[in-house]
Amino acid sequence: MKQGKGLVNELNDLLESYLRDMEGDVVSVVISDINGLPIAYKSVINLDVDSLSALCALAINHMQKISSETKLGDVEYIIVSYSGYVLYIEHIYGDLLLIVVTNRDANMGLITYVTSRYAEHISNLIKSAKDSND
């Protein structure tokens with residue numbers, strides 16, 4: 001995906017806004033491509049974003065293969081609960097993923113709702129940038 005500096009800045013602004021809106025429940029948010037390359041991210045904890053992006057891409061690619069072979073349908077999102085945090089992964093546009101790391105006690109219903117709203121904003125922003133470049 002080719003992007004201009006303006007698009008990355010706008011994505012970073014959206015991610016910053018997302019962290020502010022979630023008032024400490026969300027500690028990291030990453031936009032990554034399906035190959036594991038981080039495009040934009042914001043984090044308030046020490047996190048290896050490159051490893052997170054790569055491993056999330058690997059996980060979602062495996063889940064898609066499972067859904068294809070079992071005919072369960074397309075993967076819409078993944079939630080993984082760890083002892084300290086919860087990981088939420090959602091497709092946002094084309095080959096892009098939105099990866100969210102939340103505190104363990106966060107309200108996952110609220111996280112899912114707000115994340116889907118931001119995913120829509122991010123998708124629209126990327127579509128607009130793509131359309132203006134075509």
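## Fold and salt bridges of a predicted protein chain

Of the 134 residues in the protein chain, 42% count as buried, where buried means under 20% relative accessible area, exposed means over 50% and partly exposed lies in between, with a 1.4 Å probe and protein chains only. This is a predicted model, in which local features need pLDDT of at least 70 and side-chain atom pairs count only at pLDDT 80 or more, whereas totals for chains, interfaces and linings use all residues. Residues are numbered from 1 along each chain as its sequence is written, and side-chain values use heavy atoms, with hydrogens and water left out.

The secondary structure of the protein chain consists of 3 helices and 5 strands, arranged along the sequence in the pattern α-β-β-α-β-β-β-α; helices (H or I, at least four residues) and strands (E, at least two) are DSSP runs numbered from the N terminus. The radius of gyration of the protein chain is 14 Å, close to the 14 Å that the globule rule gives for 134 residues, so the chain is as compact as a globular protein of that length. That radius is taken over C-alpha atoms, and the globule rule is 2.2 Å times the number of residues to the power 0.38. Among contacts between residues at least 6 apart in sequence, 52% join residues at least 24 apart, a contact being heavy atoms within 4.5 Å.

Helix α1 (residues 5–21) contains N12, which is buried at a relative accessible area of 18%. Leaving aside neighbours within four places in sequence, N12 is in contact with A40, Y41 and K42.

Side chains of opposite charge can pair when their charged atoms come close. The structure holds 2 salt bridges, each defined as a side-chain nitrogen of Lys or Arg within 4 Å of a carboxyl oxygen of Asp or Glu.

| Salt bridge | N to O distance |
|---|---|
| R20 and E16 | 3.9 Å |
| E16 and K42 | 3.2 Å |

In the E16 and K42 salt bridge, E16 lies in helix α1 and K42 in strand β2 (residues 38–43), so the pair ties together parts that are 26 residues apart in sequence. Salt bridges that share partners join E16, R20 and K42 into one network. R20 and E16 both lie in helix α1, 4 residues apart, which is about one turn of the helix.
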